[in-house]
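Here is a walk through one protein chain.

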Amino acid sequence: MHRFLVLAAALAGLLACAPARAADAPPGSTWHEEYVEDGYGKPLHADVLRPKGLPDDAPTPVIMTVSPYTSHAGATPPLGYDATAAGPSDRFFDFVNGAHLFERGYTYVIVDLPGFGGSGGCNDWGGPSEQSGAKRAVQWAAAQRWSNGRVGLYGKSYDGWTGLMALAQRPRGLAAVVSQEPVYSGYRYLYTNGVRFSTVVADPAIFNASDLAPGTLNDTPTYQANGQTAELDRPGCHALNVVEQQQGSETVPFWASRNLIPNAAGATTPLFLTQGFLEDNTKPDGAFELFNSLAGPKRAWFGMWDHVRGNDADATGNPLMGRHGWLDEVMRFYDHYVKGTPLIDAPTDLDPPVAVQTSDGTWRSEARWPPADASALTSPLRAGSYVDDGANAGTGAGGGHGVWTFSPPLSTAAHVAGEPRLRLSIGAPTDQANLAADVYDVDEHGSATLISRTASLVGSSGRLEARMYGIDWVIGAGHRIGVLLSSSNSEWWDAQLPTMAPVDVTGGTIELPFLRYRRDERIEGGPSTKLVAYRGQAPFTVDAATIAAATEPGFALPAALAARPEPAAIGDGAQVHAPASATRRGAPGRLIVRAGRVRGGVVGYGFAPQGARVLVRLLRAGRTVAARRVTARYGAYRVRWRVRRAGRYRVEATTRVGGLILRARSPYLRVR
């Protein structure tokens, strides 16, 4: 098949992803190409970037990206394709350069998924071939002479999905996974309970076109030959991709094999995950099921953003997620789990286990999410009917049409944190009728802001249960909670086919997870770019008569938020924060200190603003016995002293931020 026979219309939406381009090797590195030829599948192409000056066989820790986006030629022709390009893909050079990967002694490896770039085979949309490819790539890299045997995976979106594929496959040598805005189930990327997203039509064509794209004029004959094998390896594979992806049930074998959630349960590989509650590309459907099923060390950033990376920033340098320090946290994570650096030198345990951004733009640390004090309250939903005409929007103009249930006004603020659950008695003349369920924060003037959603085909059982999208949202005093059941949420599920059938809701309930305690503690961070835009858009307004007619007196509302019994702390080191007014351009003003015992002495370490000069004192019985001034490189610092006398020691750190002096002390440490 000619490799330029593609669907041009589908290419315009190339996975909502900026195409990577081939580029020169990053500063401080050398580049060469290798192939994974292990006998378990077609050869996989790998770009290997090594720290400059190292002997070829000097072992280093490895960070790897396994991706469909890293062809040397860039995007699929004719959009972004460059036949004259040379060098490896620059898709994650922002990470490589920003994290000083080669200075830190890492090797970075880019592996093309089967069918893409210089790898043989045919893509199968997250299926057995791609899952095997991710596993093979890790085991191959771990066994190379230039590897220390430990591999960390890094990616976002599809190549975040490949990280989770490997985590579920448990390959030898996989030491850690950093996955940003990934897919958790291939089905849930294209459907929600049988209701289609527009991507169900476009994506098979897009990936087939990318699979078919040739290499560049500068690529080797081996690279070109591997890329030409798709139809030879599996005749009809591209047509089958299109056909099989139209199956609208997660239980069919094709989709069941692409659902990573059950296979990842109990995995012990450390995971660092990001997930946006407002994510409209790789949705949060399945994120918290997978995250909470893992048995190994795990960290996360959850918050009010869409399809962005942790280190993405606007033109002024403000992070799009709203929080600084992504690359620093990631490298502490990798240094400990991949490089094998002791926690004293790579204190990832001082980072928030889960950093959460809520609806007012503030950030806090949680030990888990949903938090332990989130309790579900069950409320009845009103009966009613609607026509499955596809005419309702979830936000803005055209919204608000369907069967409403409103709570009475809240007498005090309430904090929803978790995944609402919906249970309905419902029926229609056809089981293909559509349901969209939306939860709103409705203010005193009737302005409704969408905070959670789901969709489903009505089915034939007369009963419907659904898990809604997770959210972390504070609803103000005087506001109401609104639940709308309708035919559609057209901004999200924009490819469903209206049946024009009448749909009768005869009863039902919704469970909403409310926090018991106030969250007064804060960590560094502010509102994401998406949150500012989301809260600034014009919501639709529900008229007073509709609210009065649909208010449910039995709607369960929580008691007033109580003070938290104990402050949430990050690790056991003391920490202080400068107010936002004392930081420049939103730079973090955090100072954390911790003390640890080492052979023959004491070490003081922690976090401080990047580049800050920190005065670190060793105290015994309240008196300074040693002091040293250091610079916080990569946002962290470390000092070691020899100690000859037994006693109780602690470490004090002092620095200046924006004209304010910050001081923190560690807990006492007994030296015998």
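Start with an open sheet of 5 strands, in the order S15-S22-S18-S19-S24, where the pairing is antiparallel. Strands, like helices, are DSSP runs numbered from the N terminus (helices are H or I with at least four residues, strands are E with at least two). Two strands pair if DSSP finds at least two bridges between them. Strand S15 (403-406) and strand S24 (540-541) stand at the edges, each with a single partner strand, so one side of each has no neighbour in the sheet.

A word on the source. This is a predicted model, in which local features need pLDDT of at least 70 and side-chain atom pairs count only at pLDDT 80 or more, while totals for chains, interfaces and linings use all residues. Residues are numbered from 1 along each chain as its sequence is written, and side-chain values use heavy atoms, with hydrogens and water left out.

Now look at strand S18 (residues 434-442). Its antiparallel partner S19 (residues 447-457) is joined to S18 by 9 bridges. Ala436 has Ala455 of S19 as its bridge partner. Val442 is bridged to Ala448 in S19. The hairpin of S18 and S19 has 4 residues between the strands, and there Gly446 takes a positive phi near 85 degrees.

S18 also pairs with strand S22 (residues 480-486). These two run antiparallel and share 7 bridges. Val442 stands opposite Arg480 in S22.

How many residues of S18 are buried? The count is 9 of 9. Buried means under 20% relative accessible area, exposed means over 50%, and partly exposed lies in between (1.4 Å probe, protein chains only). Asn434, Ala436, Asp438, Tyr440 and Val442 point one way from S18. Leu435, Ala437, Val439 and Asp441 point the other way, and all of these residues are buried.

Move to the next sheet. It is open, has 10 strands and mixed pairing, and its order is S1-S2-S4-S3-S5-S6-S9-S10-S11-S12. Strand S1 (29-36) and strand S12 (363-366) are the edge strands, and each pairs on one side only. Neighbouring strands of this sheet are turned by 20 degrees against each other on average, direction ignored. Axes are lines fitted to C-alpha atoms, for helices over the stretch in contact, and angles run from 0 to 180 degrees between N-to-C directions.

Within this sheet, strand S3 (residues 60-67) and strand S5 (residues 147-156) pair in the parallel sense over 4 bridges. Met64 has Leu153 in S5 as its bridge partner. Helix H3 (residues 128-142) packs on the sheet. H3 touches S1, strand S2 (44-51), S3, strand S4 (107-112), S5 and strand S6 (174-180). The direction of H3 makes about 145 degrees with that of S5. Contact here means heavy atoms within 4.5 Å.

Step back to the whole protein chain. There are 15 helices and 33 strands. Buried residues make up 59% of the 672 residues. Among contacts between residues at least 6 apart in sequence, 77% join residues at least 24 apart. The C-alpha atoms fill a box of roughly 80 × 70 × 40 Å, taken along the principal axes.

Finish in a loop. Ser89 lies between S3 and helix H2 (93-98). Is Ser89 buried or exposed? Ser89 counts as buried, because its relative accessibility is 1%. The side chain of Ser89 reaches the backbone nitrogen of Arg91 at 3.2 Å.

Note on methods
Polar contact = N/O pair within 3.5 Å; in protein donor to acceptor, adjacent residues only side chain to side chain.
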